[in-house]
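Reader: Can you walk me through this one? I'd like to start with the helices.

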Amino acid sequence: MNVEILARIQFAFTIGFHYIYPPLSIGLGLVMVIMEGTYLKTGNKMYEQMTKFFVRIFALIFGIGVATGIVMEFEFGTNWAVYSKYVGDVFGSALAAEGIFAFALESGFLGVLLFGWNKVPPAVHFFATVMVTIGSMFSAVWIVVANSWQQTPAGFHIVGQGLKARAEITDFWAMVFNPSSVARLTHVWLGSFLSGAFLVLSIAAYYLLKKRYVEFSKAAFKIALVVATLSAVAQLFVGHQSADVVAKYQPAKLAALEGHYDGSKPGDLYLMGYVDQKKQETHGLYIPGGLSFLTHGDFKAPITGLNNFKPEDRPGAVNFVFQTYHLMVAIGMFLIAISLYGCFLWWRGKLFDKRWLLIIFSYSVLLPQIANQVGWYSAEVGRQPWVVYGLLRTSKALSQAVSAGSIIFSLILFTWVYLVLLVLFIYLLNKKIKHGPFDEENLDHSPRHIEMADTLG
Amino acid sequence: MATLFGIDYQTWWFLLIGAVFTGYIILDGFDLGAGAVHLFFNKEESRRIALNAIGPVWDGNEVWIVIGGGALFAGFPEVYASLLSAFYIPFMVFLMGIVFRAISIEFRSKEPMLWWRRMWDISYCCSSTLIAFLLGVILGNVTQGINLGPDHVFRGNFTEFLNPYAILTGITTVALLMMHGAIYLVMKTENRLYTKLTIIVKNATIFFVIMILLTSFYTLLYLPHMATAIRKHPELFVVPVMMVLAIANITRQITKRKYLFAFISSSVTISLLMVLVAMELYPNMLISTQGAANNLTVYNASSSQKTLGIMLTVAAIGVPLVVAYTTFVFLTFKGKVELDEMSY
């Protein structure tokens, strides 16, 4: 395998693994803010227990998110040296701003959030919870800005040529608010809220099915259901807006998302299907002209197709982009359906009566995760063959000093370590959930343990 | 060229990035050092206290390397790209160390089994030591110079990373951070653990003094370019003099059992070491062993004036904020460690 494929696999694998955690932190953070706010307002001890329980889960998630995130920050330089030199002026600024404005905020206050319960007054602790959540949302701002700049570059000019070419900022705010930043950031935030809310929904539904901590679970379920419903419905509009930006600025990606080849015809909107890349045809269930309608408000308007681009300027894996995109949309629709149905039952006073719905909710934690992953796959693979859209090809962005052998070594290392990490994470998360919110968490003080501990050295 | 208080933007960024990495070594340094001495504690209770002494702050300390990395990427993309791609394998191992260390701290307390805790103790200690060692190795290579070709692309083999000088600076860094971390732990502990730590502090300090002497001799003998600035400006000799005094003061304060002052002195030692290296490197950032024409300097490796200016504004707003809430967190958790139900 060549260096390009290996470097792409490694980046995709490490960023994909990292991206399990930050959305959960952001979403769970928001839910914790609501829970602790409710505790401060009502003084009801149950909400304090609830916050503490989810803070413990948050700690587990956050720690892995930070560690795998530091890997990302240095991987640009290790694997993509030419890219780093090319975009450093622009992309580096966003990354540095992330470090100083966002990451410092969340990590600084994390200590108080986790360990400050007995050290600071409740209001100060609540402040720390809010700061950690805001910090993690800020992180998303800068990271999405940096990535959006790669999708729709703005506010820069190119200096130098060939390997010496690089982008320099001409207008900082035009760079920050490049055409796709706002739509994509909102899309990412809502996706994160969904991750966090469905984690809480899943845990609460699990307890309700087991008839454990019933009062606690019902209260937590309701808080998370509100967050989930609002985010899922809003995501419909924000997602559409995001697709509009793609239609306007990245026509090749849009064509790949719907498997649209012939640029003289209106675009169809597929519900499901597959793309035959050899024959350049797309088959499946579709609304004729639906894509044209969503983009131009007219079923007959032609949409730029993949055939309008030279083969070397098209995304290579059209079917992959098509499938991941459609899976994301399908999951989004399903989340809207179950959360709205949940709200309907709540309104009728029968929210917790339907066992089958609780079963669906208890497994639903996986859905926003899958949607987040496949959504990014389609966004990033759809941008190919460019790493910076229209400016720098992925194949030209690699480190010249790094050999395929070195990447294989690091890829094996990452795969092995991250798989162990994932297994341990799921095991510990599962254990925490089974253990429940009320019992003493640390088992250190049990006599059996202390006896054993004496022989530790 | 744009200047601020008569100093050009490139030099400002050289100083700022130097300051951030110095901050990183002082702050994350003490929790890395605490990790490196972790296995010297034999009791479960002691290990928990040692771990919770850094518990609320280690994550915040790690922020500084993220800021430093981002600032290097933004300010000097050529240096960021050349250095990281040159030493691909060591950096990958370094990153694995960061991952392992974070999860060791996080996972250790989650199960009561002896094998589980012992496993994460070992992993925590080894990864902390490894990170400290590799930091020193990187610093050693940067001061010594690396095999950079005319287009600033690394021409050597990654095994060159582990040369005698780099190994020496690596071990010196481990010794320095062990001392620094042990002094921090002494401040946070009481009773028997405190007594035990006073001995560890003493031994670590002796270890460090031996290593810094060896490194200094080696540098003066084999790296003549690391003394050019002082030869040219004899008044700069005050920096190494101050460093020696700071090291002497560490031992003095340890004998007097004034550990806060010892900690301040070891922080000053770290800062002066960094000043010494920066002073001798400037205006170079990455020295090429293939001739000065291939050196990456603050001028040929920097981003545009505009970006450096924007980033100065970002730093002017951001740094005071970070310092403010770092101080707040440290004050919240000042004093001896107390374990409660939310502890590790």
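This is a predicted model: local features need pLDDT of at least 70, side-chain atom pairs count only at pLDDT 80 or more; totals for chains, interfaces and linings use all residues.

Reader: At what angle do α3(A) and α4(A) cross?

Author: Roughly 160°, with the axes coming within 11 Å. α3 is residues 45-79 of chain A and α4 is residues 81-115. Helices are DSSP runs of H or I, at least four residues; strands are runs of E, at least two; both are numbered from the N terminus. Axes are lines fitted to C-alpha atoms, for helices over the stretch in contact, and angles run from 0 to 180 degrees between N-to-C directions.

Reader: Roughly parallel or antiparallel?

Author: Roughly antiparallel, therefore. That label means over 145 degrees; under 35 is roughly parallel, 65 to 115 roughly perpendicular, the rest oblique.

Reader: Which residues make the contact?

Author: On α3(A), they include V55(A), F62(A), V66(A) and F76(A). On α4(A), L95(A), L110(A) and L114(A) are among them. Contact means C-beta atoms, placed from the backbone, within 7 Å. The residues divide into 11 nonpolar, three polar and one charged. Ala, Val, Leu, Ile, Met, Phe, Trp, Tyr, Cys and Pro count as nonpolar, Asp, Glu, Lys and Arg as charged, the others, Gly among them, as polar.

Reader: Switching to α1(A). Which residues are buried there?

Author: L6(A), A7(A), R8(A), Q10(A), T14(A), F17(A) and H18(A). Buried means 20 or more other C-beta atoms within 10 Å of the residue's own, exposed 12 or fewer, partly exposed in between; C-beta atoms are placed from the backbone. Those residues pack against α2 (21-42), α3 and α14 (404-435) of chain A.

Reader: And how many residues does each chain give to the A–B contact?

Author: Chain A gives 71 and chain B gives 66.

Reader: Which element of chain A gives the most?

Author: α4(A), with 24 residues. The side of chain A that touches chain B has 39 nonpolar, 22 polar and 10 charged residues.

Reader: What about I70(A), why is it buried?

Author: I70(A) has 21 C-beta neighbours inside 10 Å, so it counts as buried. I70(A) sits in α3 of chain A.

Reader: What does I70(A) touch?

Author: V66(B), L95(B) and I98(B), not counting residues up to four places away in sequence.

How values were computed
Residues are numbered from 1 along each chain as its sequence is written. Chains are lettered from A and ligands numbered from 1 in the order in which they are written. Two residues are in contact if their C-beta atoms, placed from the backbone, lie within 7 Å.
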